[in-house]
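Me: I have a two-chain model here. Please walk me through the interface.

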Amino acid sequence: MQGAFQKHQNMLEELGVNSIAVRYEGDLDKIDGLILPGGESTTITSLLNTHKLWNAINIFVHNKPVFGTCAGAIMLSQSAHDKRVSPFGIMDVEAERNAYGRQIESFSTSINIDNMDLKEFHAVFIRAPRLRILSKDVEILATFNHSPVLVRQGRAIASTFHPELSQNLGIHKWFVNEIKHQKVL
Amino acid sequence: MEKGSFELKVGLAEMLKGGVIMDVTNAEQAKIAEDAGAVAVMALERIPSDIRKDGGIARMSDPKMIKEIQETVSIPVMAKCRIGHIAEANILEALSIDFIDESEVLTPADEANHVWKHDYKTPFVCGATNLAEALRRIGEGAAMIRTKGEAGTGNVVEAVRHMRTIVSEIKMLTQKRQEELMAIAKEMGAPFHLVELVAKTGKLPVPNFSAGGMATPADAALMMLLGAESVFVGSGIFMSEDPASRAKAIVDATTFYNDPEKLAAISYGLKPGMKGLDMSEIPANERLQDRGW
């Protein structure tokens, strides 16, 4: 709907995976997994509500693999404590929007993601949110300064940084493999 | 950990893609813009059509007004500095503004030099009327380019001209052989390494947005169809009779720019937009797009 979806699509293309930008309810029937990109969560909420996509995506994310980055991660949380944003609540985390501050506080750093075998992954944080874990069912895959920045619960993963802005396809590759694995099950 | 890198500046511009950035002059308008789904707001004292009408020198906004807007909305807040006004740029960075627009809408402070934007941690957006101008601004460190259009007119014709020029010049570059690029760079007056990069990739190295004269949902859709990655709307919203509905309609049209039926529904029954100005009504020396080079 809005945000860095083209960058995600470029990465999927590099991995030889077909992708579409979802704008209509019917688009969801054509896909096996969904990436909720970074952008502005207030804008995304407004567009999903106006164009009657919120319910359809809510059903999708409860049943199929989903990967949320930054604003997308906020959309997967239980709450962002902000009435301008309506998250789907499929992950037991709370999100604090723009938790590190304004753009001038945006940063990049190296993180290790052991479960995905990714060492020194270049993680780009843009006006990033911070996640608070609410249950043991949430698996923390990576942290930065003791805060979780990549988490997994069931079929969903969420990052507070932007893997689509790095040159590293690792997380996308892992997500695509998860989708393939889920399809077989 | 790194802050203020070019990658991070362009990163924020990436997040604004497919969205609408709206000019606002106070916190109340900023709230209307955010509620309508704007991805960012541009805080400025007077909207371009009033600047045009009132005349005088247009300067950076009062930090008090900028602060009030920052406290009201959660989306990024942008503000304008005059072309070449290093001190205004410094002040906006001190205010933690999310994006600085070095803008021809304000009265230029320096007729020869633009701000050296690499010196800042804050990303900059600059206007351009053609590819060479865009590449000069990127060479100085701009993390986003927008067409200049002709601000404050409600007339999209100049934005169309600038976007078509930029897109066709990019296409032209991709058809050139390597040994021709140096002569082209000399001719254009653009940095060679950027000319070479555009020839190789077929696109600008930073997001390419559109601004200047958009007044209707169809105008926004038009600019997206021509290759804009997002749109700025200035006077078009708050000079219209029902800003909230028009703002929302323009946001929707930017997402569904390629769906005529949706666009028809989005445009249906909107209250009148701003009256607008034909280019022939503007004396050549009052054209904002000719400021900067």
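Me: In strand 1 of chain B, which residue is the bridge partner of A:Ser108?

Reply: This is a predicted model: local features need pLDDT of at least 70, side-chain atom pairs count only at pLDDT 80 or more, and totals for chains, interfaces and linings use all residues. Residues are numbered from 1 along each chain as its sequence is written, chains are lettered from A and ligands numbered from 1 in the order written, and side-chain values use heavy atoms, without hydrogens and water. Strand 4 (residues 107–113) of chain A pairs antiparallel with strand 1 of chain B over two bridges (strands are DSSP E runs of at least two residues, helices H or I runs of at least four, numbered from the N terminus; pairing needs at least two DSSP bridges). The partner of A:Ser108 is B:Glu2.

Me: What area is buried between chain B and chain A?

Reply: Contact means heavy atoms within 4.5 Å. It takes 42 residues from chain B and 37 residues from chain A. Buried area is the accessible area (1.4 Å probe) that two parts lose on being put together, summed over both. Carbon and sulfur atoms give 54% of the total, which is about 3,200 Å².

Me: Which residue of chain B forms a salt bridge with A:Arg84?

Reply: A salt bridge puts a side-chain nitrogen of Lys or Arg within 4 Å of a carboxyl oxygen of Asp or Glu. The rule finds five across the interface of chain B and chain A. In one of them, the closest N and O atoms are 2.6 Å apart, and A:Arg84 is joined to B:Glu34.
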